[in-house]
Amino acid sequence: VLQTFLGIIAFVGVWAMEESLNPQSPPDFREVATSYLRLLRNRRYFSLLLTLSYTCVPVFAFIGSSAEIYINHYGYNEQQYGYFFGFNALAFVLAPLAFTHMVRRLPLIRLMPLAFTGMLLCSLLLLCPWLGEPWRLTLPMFGLTFCFSFCRPAGNNLILEQVDRDAGAASSLMVFFYFMIGALAMWFLSFAWADKVVMLGAMGVVAVSCTLVSWQLVKGRITAVAADQGRGAAGV
């Protein structure tokens, strides 16, 4: 009901708003397709996009299978599951707040691998049976979600900074890759694995390890771009 009410307000507001951008003619299909082809040829953009998209694997897999694990495997009811899921969602709120504080002290090029390393350590904890149920899943997954949310907004900005044009296509392609990789992760974890928590941890270890390795390959290009921009600004 609340979403319907807000939707009506948004609809009325958009309907009453005058469009400030009036292009002579909208782009046709060929122009749109060409913009995507240019992005695929942009190695800095595409390599960084793949690097950061891997981090979606454990988070989306958890979202897709958490209800089954908590309700069918651990035996909690729907209301109790909501508490566990809400606790994990709290990480999405706290991480950006922590990022705004840390980015003032450390450069972004150092914060990103720290977040990736945190995701890797939390994924390894999912493989360890030291914690009792359900904390074996709840606590490491909270840390993993926190690290994912910590690096994602900055990562999105880094990806979009690799393009000089076609920003709209770059943004849409970025979201497409995130959700496609996330959907594949959900599908893979939905199989009848003997221990889905262990499989979730293994997926996290593999995916984040790929991110860490890829980051070492692409960070030099990002640093070089930032340095060139810095020299250009100093020259101006």
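Arginine 136 and aspartate 195 form a salt bridge, with their closest N and O atoms 2.8 Å apart; a salt bridge here is a side-chain nitrogen of Lys or Arg within 4 Å of a carboxyl oxygen of Asp or Glu. Arginine 136 lies in helix 7 (residues 135-160) and aspartate 195 in the loop between helix 8 (167-189) and helix 9, so the bridge ties together parts that are 59 residues apart in sequence. Helices (H or I, at least four residues) and strands (E, at least two) are DSSP runs, numbered from the N terminus.

The model is predicted: local features need pLDDT of at least 70, side-chain atom pairs count only at pLDDT 80 or more, and totals for chains, interfaces and linings use all residues. Residues are numbered from 1 along each chain as its sequence is written, and side-chain values use heavy atoms, with hydrogens and water left out.

### Overall layout

The chain has nine helices and zero strands. Its C-alpha atoms fill a box of roughly 60 × 45 × 35 Å, taken along the principal axes. Of the 236 residues, 38% count as buried, where buried means under 20% relative accessible area, exposed over 50%, and partly exposed in between (1.4 Å probe, protein chains only). Among contacts (heavy atoms within 4.5 Å) between residues at least 6 apart in sequence, 78% join residues at least 24 apart.

### Salt bridges

The count comes to four salt bridges. Three of them are listed here.

| Pair | Closest N and O atoms |
|---|---|
| Arginine 136 and aspartate 195 | 2.8 Å |
| Glutamate 133 and arginine 136 | 3.0 Å |
| Lysine 196 and glutamate 68 | 2.7 Å |

Glu133, Arg136 and Asp195 are linked in a network of salt bridges. Glutamate 133 is partly exposed at 42%, and aspartate 195 is partly exposed at 29%.

The bridge between lysine 196 and glutamate 68, at 2.7 Å, links distant parts of the chain: lysine 196 is in helix 9 (residues 196-235) and glutamate 68 in helix 4 (residues 56-73), 128 residues apart. Lysine 196 is buried, with a relative accessible area of 10%, whereas glutamate 68 is partly exposed, at 36%.

### Nonpolar core

A nonpolar core is a set of buried Ala, Val, Leu, Ile, Met, Phe, Trp, Tyr and Cys residues joined through side-chain atoms within 4.5 Å. The largest one has 57 residues, and Tyr45 and Leu137 are those with the most contacts inside it. Two or more residues come from each of helix 3 (43-53), helix 4, helix 5 (78-102), helix 6 (108-126), helix 7, helix 8 and helix 9. Helix 9 gives the most, with eleven residues.

Leaving aside neighbours within four places in sequence, leucine 137 is in contact with Phe62, Ile69, Tyr70, Tyr74, Leu126, Val197 and Leu200.

Serine 123 is found in helix 6 and counts as buried at 0% relative accessibility. With neighbours within four places in sequence set aside, serine 123 is in contact with Leu144, Gly201, Gly204 and Val205. Serine 123 and methionine 141 are 18 residues apart in sequence, and their C-alpha atoms are 7.8 Å apart in space.

### Helix packing

Two packed helices are described by the angle between their axes and the distance between the axes. Axes are lines fitted to C-alpha atoms, for helices over the stretch in contact, and angles run from 0 to 180 degrees between N-to-C directions. Angles under 35 degrees count as roughly parallel, over 145 as roughly antiparallel, 65 to 115 as roughly perpendicular and the rest as oblique. A crossing is left-handed if the near helix is turned anticlockwise from the far one by less than a right angle, and right-handed if clockwise.

Helix 3 and helix 7 pack at about 165 degrees, with their axes 9 Å apart, which makes helix 3 roughly antiparallel to helix 7. Their crossing is left-handed. Helix 3 makes the contact through Tyr45, Leu48, Leu49 and Leu52, and helix 7 through Gly155, Leu158 and Ile159.

The axes of helix 7 and helix 8 cross at roughly 135 degrees and come within 10 Å, so helix 7 is oblique to helix 8. This crossing is right-handed. The contact is made by Arg152, Asn156, Ile159 and Leu160 of helix 7 and by Ala167, Ala170, Ser171, Met174 and Tyr178 of helix 8.
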